[in-house]
Amino acid sequence: MSLISSGPRVIVALDFPDADAALSLASRLNPSQCRLKVGFELFVSAGPALIERLHALGFQVFLDLKFHDIPNTVAGACRAAARLGVWMVNVHASGGRPMMETAREALESVATSGQRPLLIAVTVLTSMDDGDLAGCGVTRTVAEQAHYLATLTHEAGLDGVVCSAHEAGAFRTAFGERFLRVTPGIRPADAALGDQKRVMTPGAAMGLGSSHLVIGRPVTQAQDPGAVLTAVNREIADALA
Ligand SMILES: O=c1ccn([C@@H]2O[C@H](COP(=O)(O)O)[C@@H](O)[C@H]2O)c(=O)[nH]1
């Protein structure tokens, strides 16, 4: 199965309250520019029907529901996601290696013609720094904890991780190019950080080792989302040249 190399590197986070708002933004974008990410707020509000409508517009969809539960429950959720035909789905690596292995096996069991959603795992949220981790009782630094969880993810046979761009280069070196580094916390130079703490510009992130960039508010709240995406894609092309 072809895992990564083709298709846009940018994944736009559709963090909207309902289907109408999400479809309005999607209609202003082009599937050649980006993939789309559907998270908790939108999926709880709009459900599987929205995924079908985004597919009908030609977009590949990352279903970002960050499953974190016992292995049997997560495996069932992954099978349900596969039935929606999404491009990518994710779990929390802190759910443990047995849970991640069970999730991977569940997806492999429903693969048709070798096709299944990519399965990646969240390491340390990009909204967290060392102090936030300590507040959760984790005594490792963000870099150490993210590396520990990425190692578990790799051992479990998943396709990659969600991490910040700050860790992406180390993970590419440790686990190889085919192990995806999907990085939120991406901010064009003049953009507001909001609640993100481990941030990087699109060009710097691709230069340092991200495989895909997740960008939400800098695109979705822009006057001209298409123009922002065009600029981001140009920055990515320059970084990869
Ligand atoms: O560590 C993580 C994991 C997921 N996210 C998600 O990415 C987008 C980022 O949106 P912005 O508006 O660009 O901040 C959002 O949907 C998060 O749920 C993350 O930010 N960090």
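## Helices H3 and H4

In this predicted model, helix H3 passes helix H4 in a right-handed crossing, meaning that the near helix is turned clockwise from the far one by less than a right angle. H3 covers residues 71-83 and H4 covers residues 97-110; helices here are DSSP runs (H or I, at least four residues), numbered from the N terminus. The two pack at an angle of about 35°, with their axes 8 Å apart. Axes are lines fitted to C-alpha atoms over the stretch in contact, and angles run from 0 to 180 degrees between N-to-C directions.

On the H3 side, Pro-71, Val-74, Ala-75, Cys-78, Arg-79 and Ala-82 take part, and they meet Pro-98, Met-99, Thr-102, Ala-103, Ala-106, Leu-107 and Val-110 in H4. Residues are in contact if their C-beta atoms, placed from the backbone, lie within 7 Å. By class, this contact has 11 nonpolar, one polar and one charged residues. Ala, Val, Leu, Ile, Met, Phe, Trp, Tyr, Cys and Pro count as nonpolar, Asp, Glu, Lys and Arg as charged, and the others, Gly among them, as polar.

## Helices H1 and H2

Next comes the pair H1 (residues 19-26) and H2 (residues 40-56), whose axes come within 9 Å and cross at roughly 40°. That makes H1 oblique to H2, a word for angles that are not under 35 degrees (roughly parallel), over 145 (roughly antiparallel) or 65 to 115 (roughly perpendicular). Their crossing is right-handed.

Ala-19, Ala-22, Leu-23 and Ala-26 of H1 meet Leu-42, Ala-46, Leu-50, Arg-53 and Leu-54 of H2. This contact divides into eight nonpolar, no polar and one charged residues.

## Helices H6 and H7

H6 (residues 142-155) and H7 (residues 165-175) have axes that come within 11 Å and cross at roughly 35°. This crossing, too, is right-handed. Ala-143, Ala-146, His-147, Ala-150 and His-154 in H6 meet Glu-167, Ala-170, Phe-171 and Phe-175 in H7, giving six nonpolar, two polar and one charged residues.

## Around the ligand

The ligand is surrounded by 15 residues, the closest being Ala-13, Leu-125, Pro-184, Gly-216 and Arg-217. A residue counts here if its C-beta atom, placed from the backbone, lies within 6 Å. The shell has seven nonpolar, six polar and two charged residues.

## Confidence and numbering

The protein's mean pLDDT (the predictor's confidence in each residue, from 0 to 100) is 96, and 98% of its residues reach 70 or more. The complex has an ipTM of 0.99 and a pTM of 0.97.

Residues are numbered from 1 along each chain as its sequence is written. In this predicted model, local features need pLDDT of at least 70, side-chain atom pairs count only at pLDDT 80 or more, and totals for chains, interfaces and linings use all residues.

How values were computed:
Contact = placed C-beta atoms within 7 Å.
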